[in-house]
Amino acid sequence: MTFSRIFLDLDGTISDSKPGIIASIVYALKQYGIETDPSRMDMLIGPPLRESFKKHYGFTDADVDGVIYKFRERYSVKGLLELSLYPGIKETLAALYEAGKTLFLATSKEEEYARQILDNTGLASFFTYIGGADLKSGRLSKAAVLRYVCETNGITDMSECVMVGDREHDVEGAHELGMPCIGVAYGYGGRGELEQTGADIIVPTVDDLQQVLLAN
């Protein structure tokens, strides 16, 4: 395998965004009278929030826009700053960039937030393109985001592409486009979810991720 074009997820792969996301979800649900246990909400981090709110809390298509609005009300001001980079990830991105790899961000987070986060953390310069979800256009699934990034950058040959992510939708989205997926077990999904979904390679640490990507 040759991985010259690397597509990376954000939450659970590059950054531990759990504090800001969970606090903003708790805030949004509270506006609807729903009390939650923050310690049992990891399953909400990574997949599109619209689908998570419907699946786990019973919101209808008609109601989910309101809870998304409330989530953004807090997240856009405080939540997107409440994160930390995984140890070694900045050095890994720098090593890949210096090795001539082309890096793309492909996240289910809204694109405007993803751009702010990479700017704030000093990572934006490593990426050729930063792609994310867009509520207005309906670009919500990981497959849709990957397709958008590929089309925007004129990528049609998937033979040298790879997706790196921590959740099942990263694996499924990559496979839908015909590219392999490296699952990072240090993220929110864990090895079990990645194995069950069929990740092509699973790495336990950021150092292992760097070694795999530089070796291919």
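Is Met-163 buried or exposed? I started there, keeping in mind that this is a predicted model. Met-163 has a relative accessible area of 0%, and the cut-off for buried is under 20%, so Met-163 counts as buried.

**Entry: around Met-163**

I placed Met-163 in strand S6, which covers residues 161–165. Next I listed its contacts, setting aside neighbours within four places in sequence; among them are Phe-7, Leu-8, Asp-9, Ala-106, Lys-142 and Leu-146. Asp-170, Ala-174, Met-179, Pro-180, Cys-181 and Ile-182 are also in contact with Met-163. I also checked Tyr-86, which is 77 residues away along the chain; its C-alpha atom and that of Met-163 are separated by 18 Å.

**Entry: the sheet**

Which order do the strands take? I read S5-S4-S1-S6-S7-S8, an open sheet of 6 strands with parallel pairing. Strand S5 (127–133) and strand S8 (201–203) stand at the edges with a single partner strand each, so one side of each has no neighbour in the sheet. On average, neighbouring strands are turned by 20° against each other, direction ignored.

Going along the sheet, I found S6 joined to strand S7 (residues 181–184) by 3 bridges, the two running parallel. Val-164 stands opposite Ile-182 in S7, and Ile-182 is also one of the contacts of Met-163.

Over at S5, I noted a parallel pairing with S4 over 5 bridges. Glu-110 stands opposite Ala-133 in S5. S4, helix H5 (residues 111–120) and S5 make up a β-α-β unit, and I noted its hand as right-handed. S5 is an edge strand, yet it is mostly covered, with 6 of its 7 residues buried. I then looked at helix H6 (residues 142–152), which lies across S5 as well as strand S1 (5–8), strand S4 (102–110) and S6. H6 runs at about 145° to S5.

**Entry: salt bridges**

How many salt bridges are there? I have 16 in the count, and I followed a few of them up.

Lys-142 and Asp-9 meet through their side chains at 3.3 Å, N to O. This pair links distant parts of the chain: Lys-142 is in helix H6, while Asp-9 is in the loop between S1 and strand S2 (15–16), 133 residues apart. Lys-142 counts as buried at 2% relative accessibility, and Asp-9 is buried too, at 3%. I also have Asp-9, Lys-142 and Asp-170 down as linked in a network of salt bridges.

Next came Lys-109 and Asp-11, whose side chains form a salt bridge at 3.0 Å, N to O. Lys-109 lies in strand S4 and Asp-11 in the loop between S1 and S2, so the pair ties together parts that are 98 residues apart in sequence. Both counted as buried when I checked: Lys-109 at 9% relative accessibility and Asp-11 at 6%.

My last pair was Lys-70 and Glu-73, with a salt bridge of 3.6 Å, N to O. Both lie in helix H3 (residues 61–75), 3 residues apart, about one turn of the helix. Lys-70 is partly exposed, with a relative accessible area of 23%, and Glu-73 is partly exposed at 32%.

Definitions and conventions: Residues numbered from 1 in each chain as written. Predicted model: local features only at pLDDT ≥ 70, side-chain atom pairs only at ≥ 80, totals over all residues. Heavy atoms only, no water. Helix = DSSP H or I, 4+ residues; strand = E, 2+ residues; numbered from the N terminus. Buried < 20%, exposed > 50% of the residue type's maximum accessible area, 1.4 Å probe, protein only. Contact = heavy atoms within 4.5 Å. Pairing = 2+ DSSP bridges. Axes fitted to C-alpha atoms, helices over the stretch in contact; angles between N-to-C directions. Right-handed = clockwise from strand over helix to strand, strands pointing away. Salt bridge = Lys/Arg side-chain N within 4 Å of Asp/Glu carboxyl O.
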